[in-house]
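Here's a quick briefing to read with the model open beside you. Take a look at the fold before going on.

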Amino acid sequence: MSRPAAPPETKQPNSRLCFACGLENPVGLRLAFYNQGPGRVISDAIVPPQFQGYPGRAHGGIVAAMLDEIVGRTAMTEDPDHFMVTAKLEVRFRSPIPLGQRLHLEGSLVRRKGRFAWAHAHVRLPDGSVGAEADAMLVDIDTLAGDPVELGWRVVPDGDPVA
């Protein structure tokens, strides 16, 4: 039996130590993700200077990590405990991604078929243009490695301090 769809604009859970969303990861991005309806997710990010590639620009691997996380999140809008992993990620860099400026990430689930799903995401720059985008193929995983308590999978309300 499946769960009912999550209401629009609800916050998705974060983990403890994930590089992208882990709230206790001292070197991670600590991204928060919000459902915008079935299969649609948004997040805002500011890439800090320690993730620099060229001076003043985010390293491409960091941009790819943000896109990888949000495409996976598109499959979780109706069930936040339904984990899928990226089987294929194709990233296109359109223009340099600045450090220290607010970026807007958007992801959309394109389709599902059996154990597979396809999603698209992009990073919008402060001027609204697309700085990078990605298409991904996701696959269901049967079990999540590790104890759910160790994962720390929970929704932390905006503004709440995290130890």
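Predicted model: local features only at pLDDT ≥ 70, side-chain atom pairs only at ≥ 80, totals over all residues.

Residues are numbered from 1 along each chain as its sequence is written, and side-chain values use heavy atoms, leaving out hydrogens and water.

**Fold**
- You'll find 2 helices and 6 strands in the chain (DSSP runs: H or I of at least four residues, E of at least two, numbered from the N terminus).
- Along the sequence they run β-β-α-β-β-β-β-α.
- Of the 163 residues, 39% count as buried (under 20% relative accessible area, 1.4 Å probe, protein chains only).

**Core**
- The largest nonpolar core has 34 residues, and V47, M66, I97 and L138 make the most contacts inside it (such a core is a set of buried Ala, Val, Leu, Ile, Met, Phe, Trp, Tyr and Cys residues joined through side-chain atoms within 4.5 Å).
- Helix α1 (60-73) is among the elements that supply at least two residues each, and α1 gives the most, with 6 residues.
- Not counting residues up to four places away in sequence, L138 touches several residues, including V71, M84 and F116 (contact means heavy atoms within 4.5 Å).

**Second largest pocket**
- Its lining has 17 residues, with R30, L31, A32, Y34 and D44 nearest the centre.
- Strand β2 (residues 40-46) gives the most to the lining of this pocket, with 3 residues.

How values were computed. 1 Å grid on protein atoms, 1.4 Å probe; cavity = no way out; pocket = protein on both sides within 12 Å on 5 of 7 lines; lining within 4 Å. Buried < 20%, exposed > 50% of the residue type's maximum accessible area, 1.4 Å probe, protein only.
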